[in-house]
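Let's take a walk through a protein chain together.

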Amino acid sequence: MDKKTSVLSPLKALKYLFKKPKTLRYPFELKEPAERYRGLHLNDWEKCVGCGNCADICPNEAIVMKEIPGLESGDGKRNERPEIDYGRCCFCGLCVDICPTGSLKLSRDYLHIHFDPGTFKLLAKDENTDKEHFLPEKEYSILKASLTHRRENYEGFSSDLEYALFNPERVQMSQLSPQERKSSFIEQVKGFSASEAMKEASRCLECKLCEEACPAGMNIVDYVRNLWEGNLEESVRDIYKTNPLPGVCGRVCTHNCESACVLGHRGEPVSIRWLKRYVVDNLPLSEYKKVLETEDIKSTGKKVAVVGAGPGGLSAAYYLRLLGYEVVIFEKLPKPGGMMRYGIPEYRLPYEALDKDIEYIKSVGVDIKCGTTIGEDITLTELRDNYDAVFVSTGFHTGRSTGVSGSENSHVFQAIELLRKVTMKEEIEVTDKIMVIGGGDVAMDISRTLARLQTKKFGAVNVTLSCLEARDIMPATPEEIEEALEEGIKMYPGWGPEKIIIEKEKIKGIVMKKCLSVFDEEGKFNPEFNGEEKKKFECSMVVEAIGQAPDFSFLTEDIKEKLEYEGRRMKVNEYGQTSLPWLFIGGDIMRGPDVINAIDTGHKAARGIDKFISRGEKK
Amino acid sequence: MRELELFFGPQHLGMVGNFSITLSVEGDKILKATSDPGFLHRGFEKLMECRTWMQNFPLVCRINVVEPDHMEMVYAMAVEKLAGIEVPERAHWVRSIYLELARIASHLFGLWAYSNMLGFDTAAQWAMYHRDLILDLFEELTGGRVYHIYIWPGGVRRDFPEGFTDKIVKTLHSIGKSVPDYNDTFFKNPLFYERTRNIGKVTREEAEKWGGVGQVLRATGKPFDIRKVEPYAAYDKVDFNIPTREEGDAYSRIMVIRDEMIESVHLIFKLIEGLPKGKVYNKVPNPFKWKIKEGESYVRVESSRGELGLYLVSDGGDKPYRAHFRTPSYSHGLTVLEKVLEGANISDVGNIMISMYVCAPEIDR
């Protein structure tokens, strides 16, 4: 038994009567909340993209996304901002830990007293977005504290990437080293293994900003989720709903989706493109028809002609075929694929991948007639007479010239023609010092192709690239530029050609002048140069890659007369239907500049053509 | 003498929490006691079945307001066991320090309830104040005072802020200085001793038979503590004692609690000394794409009231298929209490109940 004290010993507590009381006389004596305090929300509207992950994670459904008129939407942004209902919020802060941009935080404010529960809802803002209600310490009074009387610079619990609920790092894709790349045309990107693909797919937060950014509106969230769940067949079905060339897009798509991905704000976006590639690469072609349920297509008996077997034409043909039309594609070049085959080098898009996509489209009953040129072998008028509708997507296959003095020399080439010849296994000129003019993806493609050919021929790379645009506004995709540099290509962005120096019909070099700006104040192409700052480069061959143009020589005069134009482009409706109702267009000649846009125009045209034919409208 | 039926609670001065006991009394003597729970049933276990693995994490702590942290711990452990998630070494230590702080805070709260109920208001106010000092520490560490939402699957939510361990030591020292005051006014006060001695007596055999754990069992001389029996977090890395008493009455139970608080302080000092460096969180999968393979797990921790267990079942989905808590108050409040009250005096009902730390939100979940 413990020793007990005296009955009087509790009286010792009386000593505290003479000490300062510990109790704070709130609100006149305040206690500062801790730095990590989880109080009312703060949201930086500049950083917030309206992805809605906060609303999705909220265990109490306290957050709803409110549409805000006047805020911009698109390009990875949505004009929505979170509204928090403090009648439901439990201040757990999961919304902060899931916020990919880090815009959502909790403040150290925590007071709100009101008789009307309606006032418990708050469109969270911070001092930058809401100067009116966030007050400096001097003007702030705790007696008035509420959702709309807040203290500025009073940040509490905020996001920390190390503890974030998402994974900011993507699964690294294994690629060939620059040394290996330079010496061959083998595909550079090796592709994901099953476990890598699953892991990468599991990073997706399903906010769908990618789908809004995709020109073809692909069901990205669905196919990534199905891939993650191990349901490859369902994933392929999701992909084919809007894209009949996934093997191609899984490799060379300009991936607007990844640029829009919210994870890209503070980390790396989900590798949506490689995931798509994984899905289609892992389903054998022999399974396609069964999986996609295209074994038995009922024919309507109507016929559609498609001109050009590029992504636009193939997409239109595929979706028309699914609707039961007899489709014939007329292609000028010896093999189908258009720019995908003759423009994009093999190391980026191997022919097997392209052939697999095209083989499947052929297998559902699309007839492709290669080596047939419209306007020579068959006229557009004949097509009009023999078919119920015509879809034209002839693309941009003619290179543009800089037109500077010396550019007419026989050692000056068009990038697009060289690339086509490489695909057709024709011999092309390769010298030891090459100058490439242009800063887009085609310039990168030809530089890197020439680098490979130089390595084969001379054992060393000596390709110089220059373009008008400064490094930060070069139109090529950043990774293409990066990879070109890795392969030893020298780059001089911000220089424009003045003249090519020619001696005895041979190129000796090129004189460049400093470009100050590419576009004028109205945003039109109008380069301005500093005539005094010049540079001379030695070279024996020049390649121009400054853009391509369409070739409309197949349009006869009577058709041209009837077509209406908007600027330089043909006037079309949302389905690509021209002012001649039987004539639809798509691909680069309607909207460029990439595969995925072409696929979308083809898909839309297929729907337009179906409408046009089934309504029995007059030609 | 006539037998009367008496309702003790839920609205009764001697009752803490939304709980009720129906008493059959004859004069002052209780003939039979029937626990009547259900006033606080909030359906947590069912609610957990429709929330994802991550969304349940801020929920579980709310089951018991007095003891949110051990609820978090037991949930995190169950998920980690089910999903096979490794926890970094430092996180184990941080968890232990945090849980011991929580144990002290919970005991101080219990001390408030007990001393307040017996009319020792001075000690009750001190206990509340000292608990607040620990809540200040929690606020600095986690951003919340009561619901800390701190231990999550994979580790803990944030590392200690700069200089935090020094603050813990300082705070505990300042609380420790008041132990003689507590002794004088409460623990060793002859009035308190007379009021609790031989009240609500439980023998070791009875405690074991009726499902008694925690102080109820330890006050009968059995050093049963999950921290030793089935060590979790960093409890197997440091040495500490399990305070026990032999008498099994209300007085010995409260003395066990007092000794436990002092032991926890020493334990925290040891843990701080050995605290390793490193990270405190291993990332768990994206909460929107987190499925746990089919299986079940049962984990248990020593909460301030005794053995707290969680049985968690996954059917391979993104939410628990079933969750069931085994809480110490459940057996204490429904079985032990009923038996012990038989033959007791009406004036001792609250006394006995709180000495066993019966906490209504643990009984009704």
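Why is strand 2 (residues 20–26) of chain B largely enclosed by the rest of the structure? Six of its seven residues are buried, so the rest of the structure largely wraps it up. Buried here means under 20% relative accessible area, with a 1.4 Å probe and protein chains only. Strands are DSSP runs of E with at least two residues, helices are runs of H or I with at least four, and both are numbered from the N terminus.

Keep in mind that this is a predicted model, where local features need pLDDT of at least 70, side-chain atom pairs count only at pLDDT 80 or more, and totals for chains, interfaces and linings use all residues. Residues are numbered from 1 along each chain as its sequence is written, chains are lettered from A and ligands numbered from 1 in the order in which they are written, and side-chain values use heavy atoms, leaving out hydrogens and water.

Now for the neighbours of strand 2. Strand 1 (residues 3–8) of chain B runs antiparallel to strand 2 of chain B, joined by six bridges; two strands pair if DSSP finds at least two bridges between them. Here B:Phe8 stands opposite B:Ile21. Strand 2 of chain B also pairs with strand 3 (residues 29–36) of chain B, antiparallel over seven bridges, and B:Leu23 has B:Ala33 as its bridge partner. Two residues sit between the strands of this hairpin, where B:Gly27 takes a positive phi near 70°.

Zooming out, chain B has 15 helices and eight strands, and 66% of its 365 residues count as buried.

Key:
Buried < 20%, exposed > 50% of the residue type's maximum accessible area, 1.4 Å probe, protein only.
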